[in-house]
Amino acid sequence: MKTLRSLIMGCAALSLATSLAYAAAPMPGPLPPADNQKLAHDLFKEIIEVHSVHDVGTKGVADILVRYLKAGGFTDADIHVLPEEKYPNQVNVVVRLKGKGKGKPILWNGHMDVVEAKAEDWSVPPFQFLEKDGYFYGRGTSDMKDEDTAVAASLIRLKKEGFVPDRDIIAAFTADEEVGEEQDGMWYLVREHKDLVDAEMAINPDGGSGEIDNGKRVDFGIETSEKTYITYTLEVTNKGGHSSEPRPDNAIYTLANGLVRLSKFQFPFKTNATTRLYFAKTAASQTGQTRADMLALSQPKLDFAAAARLAKDVPMNAILHSTCVATMLNAGVQENALAQRAQATVQCRVMPDETVAGTQATLEKVIADPQIKVSVLGTVVSAPESPPAPALFASVTKVVDSMWPGVSVFPDMAAGASDSIFTRNAGIPSYGIGGGWNDIHDIRMHGRDERHEIGDFYSTVEFTYRLMKELSKAQ
């Protein structure tokens, strides 16, 4: 899942040759010790080369993680291997580093599955771990087997050091985040095994992270909220007929007219605690009217003119209100027959305080035609905004500053979706915090030739280790 900034803008262990290969990028932050780097490298390589797409499942990755965790000192009592009953190849792993019991646990969660990648679309084999020109290549190197590796390697390092946290640290490695709510590992765990993952807060590395613009570290985001993902079906049916005898009640035209009305509609602008704080902090890096508009939107009272100006930027528009857009069409069965059925899929991303029923009522009002039936497709899980907690932000800022001094840390709201929606729905405040840094002009998650800078991968591991230790302290 991309961070907001990415959307808006569109080492001693390293060899000299590797360092020169990406000299335009900033130097990586502090790195873990050599033995932990080797462990992270080897684990990363093994899980990248597992074809853990939806049709295959996550069992292969789960088996590897369990092997490494046991070799690192965790026992069977510490590790729970949880295949979903209906989907035995979709396996989840929950491991716990026991603490002193001075507070509720901290949960780290990350998905082990990846989106499919076809070899003919890539310039390198997508499910082969390749080190090339200062990068690790392979599907999952940036979404999110890199972060899974960082979490596992950090837990093993803490275990080997004999570190006992004030509170338990839980890590949940989950299945099927990429395919939808009806079959999702985190959703399964909070419904069926809540006792294993219940925590004071959840840290999801699939969320926020650092952003690099033209070789410079710009800022570091913490995802505190995300829009709710809702899909609706718009459908028109009639008796059809022969194409030689057209009639006024054409299912395709009826549906098309409704979609045109929808295309001209805009949900009202609004802000929330996350976006107001985001605008306040981001304004400092802007100038002129953009800076003034962002400062205006950082206030509780909404400035509609400022929102309208900023919304001319497509990604900025996405965080200023709910959106619904037609994404698929299907109608007719043969060229010489009038369609008996015409159907459109409309994908909505609604603000955290809005509902499925309320959004559907708005769609029906805008479409304004009782012949067009609007219905919800699939399962919808809604979740509230997690408060931008000052103590959490102070802890993250402390760790970020220890690795990349002077970088601004701010909250953001994701227009996309992640497993945080399930932990929030279960009453666990959840925050997207990843330790990696993304070039905002070269985002490759889900795309061709996915990759991760080698130095940045290792500093991601170090960041995760430091943040684990910091957040494990009793508050």
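Guide: M144 is found in the loop between β5 (135-137) and α5, where helices (H or I, at least four residues) and strands (E, at least two) are DSSP runs numbered from the N terminus. This is a predicted model, in which local features need pLDDT of at least 70 and side-chain atom pairs count only at pLDDT 80 or more, while totals for chains, interfaces and linings use all residues. Residues are numbered from 1 along each chain as its sequence is written, and side-chain values use heavy atoms, with hydrogens and water left out.

A cis peptide bond joins D143 and M144, with omega at about -15°. D133 lies in the loop between β4 (130-132) and β5, and the phi of D133 is near 55°, a positive value in a residue other than glycine. As background for both cases, most residues other than glycine have a negative phi, and most peptide bonds are trans. A368, in the loop between α13 (356-367) and β14 (373-377), likewise has a positive phi near 55°. A368 is exposed, with a relative accessible area of 52%; exposed means over 50% relative accessible area, buried under 20% and partly exposed in between, computed with a 1.4 Å probe on protein chains only.

Turning to α5 itself, the axes of helix α3 (residues 34-48) and helix α5 (residues 145-160) come within 9 Å and cross at roughly 140°; axes here are lines fitted to C-alpha atoms, for helices over the stretch in contact, and angles run from 0 to 180 degrees between N-to-C directions. That angle makes α3 oblique to α5, since under 35 degrees counts as roughly parallel, over 145 as roughly antiparallel, 65 to 115 as roughly perpendicular and the rest as oblique. α3 passes α5 in a right-handed crossing, a label used if the near helix is turned clockwise from the far one by less than a right angle, with anticlockwise giving left-handed. From α3, N36, L39, A40, L43, F44, I47 and I48 meet K145, D146, T149, A152, A153, I156, R157 and K160 of α5, contact meaning heavy atoms within 4.5 Å. These contact residues of α3 and α5 divide into 9 nonpolar, 2 polar and 4 charged, where Ala, Val, Leu, Ile, Met, Phe, Trp, Tyr, Cys and Pro count as nonpolar, Asp, Glu, Lys and Arg as charged, and the others, Gly among them, as polar. An α-helix has 3.6 residues a turn, so residues three or four places apart point the same way.

Another helix pair can be read in these terms: the axes of α14 (residues 390-403) and α16 (residues 454-471) come within 10 Å and cross at roughly 140°, which makes α14 oblique to α16. α14 passes α16 in a right-handed crossing, and the residues making the contact include L392, V396 and V399 of α14 and F463, L467 and L471 of α16. The residues of that contact divide into 8 nonpolar, 3 polar and 4 charged.

Finally, a disulfide, defined as a pair of cysteine sulfur atoms within 2.5 Å, joins C324 to C348 at an S to S distance of 2.0 Å. C324 lies in strand β11 (residues 323-331) and C348 in strand β13 (residues 341-350), so the pair ties together parts that are 24 residues apart in sequence. Both C324 and C348 are buried.
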